[in-house]
Each structure stands twice: as C-alpha cells, then as structure tokens.
Amino acid sequence: MSIPESGVGIIYFSGFEQILESNPDLIQVIEIEPQTFWYRSNSGLDSFTFDKEKVDYLKSSQKTKLFHGVGYPIGGILQPNINHLGCLKQMELELNPVGMSEHLSFNNIKIDNHILNTNFLLPPLQSPEGLEIAVNSILKYKNYFNIPFSFETGVNYLAPKNYEIEDGLFINTVAENSNCDILLDIHNIIANERNGRQKVRNFFKQISHERVTQIHLAGGFYYKGYYLDAHSNISSDEIIKVFENIVCQLPNLKAIIFEMLPEYLSFIPQNAISIQLEKMNRIWERRGIYHKRNKIVSNKKINSPPPTVAEWELTLGTLAIGRDLTCDTELSRELKIDKGLIIIKELVEKFKGSLIVSSLKLSCRYFALKYGMNEFNDVLRVYWKNSISKLFASDNGLDFAKYLMSSSEFKDDEDLETIIKYEIASINSIVSESAIEVQLIYHPEEMVNCLANLELFDNLKKNNYLVTIEPDFKKIDGINTVFHS
C-alpha cells in the first residue's frame with residue numbers, strides 16, 4: 001500500500017503560512033509533524049492535546065497532507081510508547097493524511113528502570129540483531145495505521161564500524177523484510193557521506209529504487225568539521241544535482257518535501273524558497289525517466305562480532321546525554337574516541353538548553369541578564385548531570401524552575417523567584433486547561449516589558465498582586481521531541 005501521487009511540498013510549521021499562500025502553484029502537498037502541535041494535558045487523549053487553531057488552519061487547505069512523526073522512532077529496542085496514539089489518531093481524523101512516516105532511529109534508553117529520552121535521534125545498530133528489531137518494530141507500529149507507512153533514512157555522525165552492515169544494505173534489508181516503503185532523506189545521506197560514511201552513489205545502488213516513495217530535501221552547514229543536517233537553508237546546487245540524478249531513477253516516487261526549521265525562516269529570502277520549489281517541481285516532472293532495476297550487492301566483509309543492540313543503545317545513549325557509564329567496555333572506549341560522538345553530545349546539550357528556554361523564556365532571560373550567559377550555561381550543565389530529560393518542553397521547564405527555586409545559590413533572589421512563579425503558573429494553566437491564581441510582588445506586564453527591553457526589575461515598585469492566568473497556547477512551545485541538528 002503506497003501513498004497516492006502527491007507532488008512537491010514543504011513541512012509545515014507555524015509561521016510558514018506566507019510561504020504556502022505565496023506559492024500556491026508550487027506546493028501541492030503539506031507534510032505535518034503532528035507532535036509539534038501537541039501540549040501536555042490532563043484532560044484526556046492520554047495526556048496529550050493539540051493546537052486546534054493550527055489544525056483548523058490546515059483543515060482549511062485543500063492541499064494533500066502527509067504525516068511525518070517525530071519523537072516515536074521505530075529503530076530501537078524500546079518500542080514506541082503507544083499512549084500517544086489517541087491524540088495522533090484524533091489529528092488523523094481531523095486532517096485526513098494520505099500517508100504516515102517515522103524515523104529509523106532510537107531516542108529512549110533505560111537506566112535503573114527509568115526511561116530517559118535522549119532528545120536526539122540516534123542511529124540504530126546495523127547488525128543482524130538490529131535488523132530483526134527494526135523489522136519487528138515497524139511491523140508492529142505500522143499496524144496501528146490504516147494509511148500507507150514508510151520509514152526515513154537517518155543521519156549518522158558516527159564513524160562507520162567494522163562490524164556494521166553497510167548503510168544502504170541495512171536500509172534495504174529492513175524495507176524488504178518489513179515490506180515497507182522508504183522515505184529517502186537525500187540531505188541525510190549527503191551529510192553521512194561528507195562526514196565519512198558510505199558514499200551516496202553506493203548507498204543508492206544498495207536500496208530498491210522501487211521502494212522509495214518519498215524524498216526529503218534540505219540544506220545544512222559545517223560545524224567543527226562536520227556537515228550538519230540542520231534544515232537551515234535552501235539546498236545548494238551540488239545537493240540539487242544529486243537530487244535530480246536520484247529522482248530520475250525512481251519509478252514510484254509519490255512526494256518530494258522541502259524541510260526547513262522555523263528559526264531559520266527569517267534569514268532566508270522568500271524568493272529563494274520559491275526558486276527552490278520551482279527547481280523541485282521541474283525535477284519532479286522527470287521522476288523515473290531513467291529507471292532501471294538495480295542489482296543490490298555488498299562488497300564489505302564483517303570480520304568482528306558486533307555488540308548486542310541492548311549494549312549499543314545503552315552505551316551510545318548514555319554517552320550522548322553526558323552521563324557516566326557504570327562500566328568500561330570495548331564499545332564505550334570505541335565510542336568515546338569517535339569525534340562524531342563529541343558533535344552529538346554538543347548538539348544534545350544545545351537542544352536540551354533550548355527545551356528549557358522555550359518554556360521558561362522570561363526566567364532564562366532574567367537569569368542571563370542578572371548572572372551572565374556563562375553562569376547560565378554552567379547551571380544547565382550541572383542540572384542536566386543529575387536530571388532526567390522529559391519529552392515535553394513544558395515538563396523540562398517545570399523541573400528546571402523547581403531546581404532553581406530550591407538552589408541555595410539563588411534562594412535570596414526574590415525577583416528570580418517572582419518571574420519563575422509567574423511562568424510556572426502559566427505552564428500549569430495550559431497543562432490543566434484552567435485558570436491559575438498566583439501571588440506576585442510585581443505587576444506581570446511590567447515584568448514582561450522590562451525583560452523585553454533587556455532590563456532587570458530595579459525600577460519596579462513592589463506590591464501584592466493576585467494574578468489570574470488564563471491558559472494561552474501561544475505563550476508556550478509545544479512538544480519538542482526531535483533535534484534536527
């Protein structure tokens with residue numbers, strides 16, 4: 001079961017409305033990451049609710065829609081938690097997508113009976129056991145949907161290991177054994193080649209061209225010698241050339257999606273995005289014209305036994321989030337000297353910081369103004385060493401707020417306590433979907449105006465304010481489950 005022919009489109013985020021409305025003839029399909037619309041809730045749908053305003057906006061569009069899941073990858077030993085399916089299926093009823101995809105990665109590990117979210121999509125172990133686990137996970141997960149399901153090829157910053165199945169062969173075997181279509185992320189496999197993994201041409205030779213039904217395309221940048229899958233720009237001419245060569249060989253291609261994260265949108269001229277979409281539409285028309293069934297071969301010999309999937313995921317996941325391992329192993333020593341792990345750790349640290357900032361914008365701004373960014377980053381590092389990262393930005397924000405308020409170092413900072421109390425009440429009003437009362441020593445509008453002007457509260461008059469905070473989804477970011485580097 002494959003998605004219907006859909007055409008060229010973009011991944012939608014709030015703020016992309018102008019792009020959609022100014023390129024009506026260049027965009028035929030909208031890909032939606034459902035979980036980016038979600039919020040913590042105590043009112044049903046297994047503790048999830050979604051932003052109805054954004055869903056209503058998308059419902060008003062007559063364009064074809066696809067779902068691309070984030071946060072529940074299907075490549076790991078820990079199966080995706082199915083508690084999210086109620087909310088996902090409700091959104092499916094609202095938006096009627098023609099297909100669903102997920103990442104062939106993992107982002108959960110289990111330490112001392114606690115499941116920790118890495119907040120980063122990590123590569124699965126490419127071994128026979130890893131194949132079996134991925135296949136079983138896909139078979140189980142795709143049965144929850146009555147629409148076509150595919151998995152995405154991932155980015156991998158680690159150096160290739162001598163016990164790994166080659167990237168392309170691993171992907172193809174997973175697809176064949178699970179009878180699943182492939183979402184080929186061209187930017188990911190280009191990033192993998194640039195960072196020392198399998199060359200794109202060899203990867204493409206090893207996958208069934210008939211199984212590729214979707215493509216993702218993006219732009220990135222170099223960071224400390226590594227090319228990041230940053231979704232930060234339009235695609236370079238070099239990437240477009242690779243993209244065109246691949247598209248011309250795909251007989252069953254149904255959709256091509258351009259990915260860009262909203263934080264980069266203001267830096268890219270809208271006409272540049274239109275030109276990108278024009279190129280994609282031109283190349284779309286050439287899909288499959290040079291198709292010839294490829295013979296899949298592998299020349300790599302595996303000379304050493306791989307670790308178990310359990311050891312791989314626990315070791316890589318623990319190191320990625322900056323935790324200490326309980327024992328020294330051959331695998332841990334190998335990963336610790338992998339320069340790609342250093343990049344992953346830095347990206348995880350930055351993203352986890354963004355989880356805090358996205359839900360405690362005012363408190364974090366106050367802290368940076370009062371104590372400086374270096375102190376703020378130091379506090380975050382100490383905090384994350386002994387804290388469990390949560391799936392939702394709001395949960396991470398609440399935990400960090402409580403940590404600051406209980407810290408002896410900042411207990412005498414009455415202004416920090418006040419702005420934290422205000423933001424905690426704001427978060428709780430959304431989670432409970434009800435009004436929350438909070439006692440403050442400053443008027444909230446005056447506090448917000450000071451911080452908007454990068455000023456502290458030195459000139460504000462203290463008083464006793466009993467403030468009622470109504471739930472406002474626009475005041476807090478939703479679920480942040482995946483870091484696109």
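Reader: Hi! How much of the protein chain is buried?
Author: Hello! Buried residues account for 56% of the 485 residues in the protein chain. Keep in mind that this is a predicted model.

Reader: What about overall dimensions? What does the C-alpha trace span?
Author: Along its principal axes, the C-alpha trace of the protein chain spans about 75 × 55 × 40 Å. The radius of gyration is 23 Å, which agrees with the value near 23 Å that a compact globule of 485 residues would have.

Reader: Nice. What share of the contacts joins residues at least 24 apart?
Author: That share is 79%, counted among contacts in the protein chain between residues at least 6 apart in sequence.

Reader: Switching to charges: how far apart are the mean positions of the positive and negative ones?
Author: They are 6 Å apart, with 49 positive and 62 negative charges in the protein chain.

Reader: Now a residue I've been looking at. Where does His187 lie?
Author: His187 lies in helix H6, which covers residues 186-194.

Reader: Is His187 buried or exposed?
Author: His187 has a relative accessible area of 0%, so it is buried.

Reader: Which residues does His187 touch, leaving out those up to four places away in sequence?
Author: Its contacts include His216, Tyr227, Asp229 and Ile239. Also among them are Ala218, Gly219 and Gly220.

Reader: Let's follow Ile239 then. Where is Ile239, and how far is Ile239 from His187?
Author: Ile239 sits in helix H8, residues 237-247. Ile239 and His187 are 52 residues apart in sequence, and 7.5 Å apart in space from C-alpha to C-alpha.

Reader: Why does Ile239 count as buried?
Author: Because its relative accessibility is 1%, and buried means under 20%.

Reader: And what does Ile239 touch?
Author: Not counting residues up to four places away in sequence, Ile239 touches His187, Ile190, Arg194, Leu217, Ala218 and Tyr227. Ala218 and Tyr227 are also among the residues that His187 touches.

Reader: Good to know. On to aromatics: how many aromatic pairs does a search of the whole structure find?
Author: The search finds 18 aromatic pairs. In one of them, the rings of Phe145 and Phe149 have centres 6.1 Å apart and planes at 10°, so that pair is stacked.

Reader: Are those two buried or exposed?
Author: Phe145 is buried, with a relative accessible area of 5%. Phe149 counts as buried too, at 6% relative accessibility.

Reader: What about the rings of Phe367 and Phe376?
Author: Their centres are 5.8 Å apart and their planes are at 55°, so the pair is tilted. Phe367 and Phe376 are both buried.

Reader: Which residues form an aromatic cluster with Phe145 and Phe149?
Author: Tyr141 and Tyr144 do; together with Phe145 and Phe149 they form one aromatic cluster.

Reader: Last stop: where is Ala425, and what does Ala425 touch?
Author: Ala425 is in helix H16, residues 414-432. Leaving out residues up to four places away in sequence, Ala425 touches Ile436, Val438 and Ile469. Ala425 is buried, with a relative accessible area of 5%.

Key
Residues numbered from 1 in each chain as written. Predicted model: local features only at pLDDT ≥ 70, side-chain atom pairs only at ≥ 80, totals over all residues. Heavy atoms only, no water. Rg over C-alpha atoms; globule rule 2.2 N^0.38 Å. Buried < 20%, exposed > 50% of the residue type's maximum accessible area, 1.4 Å probe, protein only. Contact = heavy atoms within 4.5 Å. Lys, Arg positive; Asp, Glu negative; His and termini not counted. Charge placed at Lys NZ, Arg CZ, Asp CG, Glu CD. Helix = DSSP H or I, 4+ residues; strand = E, 2+ residues; numbered from the N terminus. Phe/Tyr/Trp six-rings, centres within 6.5 Å; stacked < 30°, edge-to-face > 60°.
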